[in-house]
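Colleague: Before we look at the labels, could you take me through what each one rests on?

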Amino acid sequence: MASSAGPEIERLIGLLAKLPGLGPRSARRAALALLKRREQLLNPLADALAEASQRVRTCSVCGSLDTQDPCAICADPQRDASLICVVEEVGALWAMERAAAFRGRYHVLGGLLSALDGVGPDALRVGPLVARAAEGGVREVILALPATVDGQTTAHYLADRLAGADVSVTMLARGVPVGGDLDWLDDGTIAQAMRARRPA
């Protein structure tokens, strides 16, 4: 960091650099932009951060973030309570909602199983998921987890844990994305798309 910056600016840059996608250079640029436009950016951002810190909480049912508990999705009577879509983090839930293709409820795991990172089942919200599936009224649990080694390991573990509940356990289809060109796809995606082919 520049030695000419005061400790307050250095602290701001240091905190911004901890955000995903921002390294030291991007954090310096962001800090400079905020400081140059205090009235338009910095002060409203500080207010929004303070309000979010005070009001946003974790939903006790699904693990999402909202200003109410249960969250708006869990409290919505129009959502299909017999369908639970399991996602890794809240960002994946937001992505599913943007697609507007799912009208059930969600369950946020809070991460994935990872032997390398020392993340075991106790670190995730697996118990509450099994309890939700077993309490009745749930007919399908959809595992919407990443197509990574950790994602697949977690999906298989969850399928085993949910085997005792009277629910269907499904996974999202994988394969050629909409608008995708076969020349640009990796071999694994093409192989998965071939295995998951369906009638035309």
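Modeller: The structure holds one aromatic pair. This is a predicted model, in which local features need pLDDT of at least 70, side-chain atom pairs count only at pLDDT 80 or more, and totals for chains, interfaces and linings use all residues. Residues are numbered from 1 along each chain as its sequence is written, and side-chain values use heavy atoms, with hydrogens and water left out.

Colleague: Why is the pair of Phe102 and Tyr106 called edge-to-face?

Modeller: Rings of Phe, Tyr and Trp (its six-membered ring) pair if their centres lie within 6.5 Å, and planes under 30 degrees apart count as stacked, over 60 as edge-to-face and the rest as tilted. The ring centres of Phe102 and Tyr106 are 5.2 Å apart and their planes stand at 65 degrees, so the pair is edge-to-face.

Colleague: What makes Tyr106 buried?

Modeller: Buried means under 20% relative accessible area, exposed over 50%, and partly exposed in between (1.4 Å probe, protein chains only). Tyr106 has a relative accessible area of 1%, so Tyr106 is buried; Phe102, at 9%, is buried.

Colleague: How do you know that Ala100 is exposed?

Modeller: Its relative accessible area is 64%, and therefore Ala100 counts as exposed. Ala100 also has a positive phi of about 55 degrees although it is not a glycine, whereas most residues other than glycine have a negative phi.
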